[in-house]
Amino acid sequence: VWENPLTAARARKICEGCSGAEVRTFSYKDLPDIVVEEGWDHRKKMGAMANVPDPIPILGVFRWDRDAVAGDAARMQEAYQGTGSFPFRMAAGGDSFVCFASNLKEFKPNPEHVCRPGWRLHFGNGCPHQCAYCSLGQFMISHVNIEEYTERLADLIVQNPWQKTYLLDDAMDVLAHEPQWDSVGLLMKFFERTKDRYLILHTKSDRVDALIEAGAPKNTIIAWSLSGPTQASELEPKTGTTEGRIEAARRCQEAGMTVRYKFKPIIPVPTWRDDAASAIDLALSRTRPDNLSMTTMIWTQFEAVKGFLRKEMLDPEFWDGAEAVKEEMVGSRLAPFPHALREKVYRHYLSEIRKRDAEVPVCVSTESLDMWKALGPDLGYSAGDYVCGCGMACVRV
């Protein structure tokens with residue numbers, strides 16, 4: 001980091017923003033001991049921690065020698081004497097561009113997880129939002145050689161003419177790092193120069209000044225994870241509020257960016273029906289989203305839910321329903337709620353959306369084939385032709 005003037009300048013700016021913090025310079029050799037010393041563990045849900053600390057920034061650089069990255073990652077993993085989980089490959093400068101497919105080995109539909117394959121972009125790993133159901137909160141790996149990153153990205157785009165949209169990032173909320181990281185604006189300008197390729201940002205943040213000031217809105221699509229007021233305030237403490245996210249979306253749309261909403265994850269708190277109506281009404285009255293998508297809380301076993309969510313924070317029907325099927329859903333990506341309860345949520349959301357907008361495309365996100373079969377006729381799409389909020393080919397409706 002310190003050897004390159006551009007990365008050193010970005011790192012100094014970030015350090016200056018962490019007023020009074022200790023700044024430590026480390027090597028790959030040092031990192032496993034630091035991880036143990038700090039007690040970082042990617043398996044700890046924020047809601048299960050008595051005191052949630054502010055995440056510690058870990059600054060590094062992406063590297064393009066795969067063998068060197070793999071070797072350093074393997075050595076760090078071997079030297080690690082802890083019992084938790086830490087992304088050493090990312091820390092070693094890998095995983096800048098990842099070819100994602102939900103069923104990569106067979107290249108056929110995954111019955112539990114309908115999601116389109118393609119290249120995804122990463123700036124790092126970690127988030128400051130402290131959402132109760134998330135484990136990405138104790139540290140933030142952020143690589144700072146963004147100028148070099150865009151040069152490599154240009155090569156990737158040339159090699160993949162089929163892919164029109166590129167999602168950044170599904171392991172961190174990059175808007176929460178701006179303007180200190182001074183990175184997203186550079187990427188927006190890069191995509192605008194491509195003419196026909198689009199950057200997709202997925203966020204819960206309301207920090208959009210840097211995006212607007214970049215002055216390059218034409219090829220940027222922003223998908224907000226949108227929650228009802230109760231979920232946003234009680235379970236997502238450091239995110240933008242429901243109204244704050246929608247206001248940020250309005251400002252970005254006014255500046256020329258394309259706006260989308262993902263109701264994701266929908267956690268059925270006791271007031272979830274009223275909260276859904278409130279969030280949908282506010283979103284559709286203040287903005288004109290390109291599309292909407294919906295996902296309940298998934299990828300979470302019921303025993304884990306009990307660790308980070310108080311029983312009174314969940315609609316009793318959903319708590320009891322998840323508990324009743326906890327054994328049969330062990331290992332399922334769709335846990336903790338059974339199909340019937342998830343479908344009930346989606347049908348309510350769809351009904352509230354259609355009361356306000358009869359035309360906006362609506363889909364379910366990362367859901368099962370069975371759910372698509374149940375909802376497809378009412379959504380107007382199938383698992384093969386749906387309009388995706390962050391997929392690799394959905395540019396404009």
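This is a predicted model: local features need pLDDT of at least 70, side-chain atom pairs count only at pLDDT 80 or more; totals for chains, interfaces and linings use all residues.
User: How do the axes of helix α5 and helix α6 lie relative to each other?
Analyst: Helices (H or I, at least four residues) and strands (E, at least two) are DSSP runs numbered from the N terminus. Axes are lines fitted to C-alpha atoms, for helices over the stretch in contact, with angles from 0 to 180 degrees between N-to-C directions. The axes of α5 (residues 146–159) and α6 (residues 184–194) come within 10 Å and cross at roughly 30 degrees. Angles under 35 degrees count as roughly parallel, over 145 as roughly antiparallel, 65 to 115 as roughly perpendicular and the rest as oblique; α5 and α6 are therefore roughly parallel.

User: Which residues of α6 make the contact with α5?
Analyst: Contact means heavy atoms within 4.5 Å. On the α5 side the contact is made by I146, E147, Y149, T150, L153, A154 and I157. On the α6 side the residues are L186, L187, F190, F191 and T194.

User: How does the contact of α5 with α6 divide by class?
Analyst: Ala, Val, Leu, Ile, Met, Phe, Trp, Tyr, Cys and Pro count as nonpolar, Asp, Glu, Lys and Arg as charged, and the others, Gly among them, as polar. By that scheme, the contact of α5 with α6 has nine nonpolar, two polar and one charged residues.

User: Against which elements do the buried residues of α6 pack?
Analyst: Buried means under 20% relative accessible area, exposed over 50% and partly exposed in between (1.4 Å probe, protein chains only). In α6 the buried residues are V184, G185, L187, M188, F190 and F191. They pack against β3 (118–121), α5, β6 (165–168), β7, α7 and β8.

User: What is the handedness of the crossing of α9 and α10?
Analyst: The axes of α9 (residues 242–254) and α10 come within 10 Å and cross at roughly 20 degrees, which makes the two helices roughly parallel. A crossing is left-handed if the near helix is turned anticlockwise from the far one by less than a right angle, and right-handed if clockwise. The crossing of α9 and α10 is right-handed.

User: Which residues of α10 meet α13?
Analyst: Helix α10 (residues 272–286) packs with helix α13 (residues 339–356) at an angle of about 35 degrees, with axes 10 Å apart. By class, this contact has eight nonpolar, one polar and five charged residues. From α13 come K344, V345, H348, Y349, E352, I353 and R356. From α10 come W272, R273, A276, A277, I280, D281 and L284.

User: With which side chains does the side chain of S227 make polar contacts?
Analyst: S227 lies in the loop between β8 (220–225) and α8 (229–235) and, at 2% relative accessibility, counts as buried. A polar contact is a pair of N or O atoms within 3.5 Å; within protein, one must be able to donate a hydrogen and the other to accept it, and residues adjacent in sequence count only if both atoms are side-chain atoms. The side chain of S227 makes one with the side chain of Q231 (3.2 Å) and one with that of E236 (3.0 Å).

User: How far apart in space are D206 and I246?
Analyst: D206 is in the loop between β7 (198–203) and α7 (209–214), and at 37% relative accessibility it counts as partly exposed. D206 and I246 are 40 residues apart in sequence. From C-alpha to C-alpha, the distance in space is 8.2 Å.

User: What is omega for the cis peptide bond that joins A335 and P336?
Analyst: P336 is in the loop between α12 (316–324) and α13. The cis bond from A335 to P336 has an omega of about 15 degrees.

Notes:
Residues are numbered from 1 along each chain as its sequence is written. Side-chain values use heavy atoms; hydrogens and water are left out.
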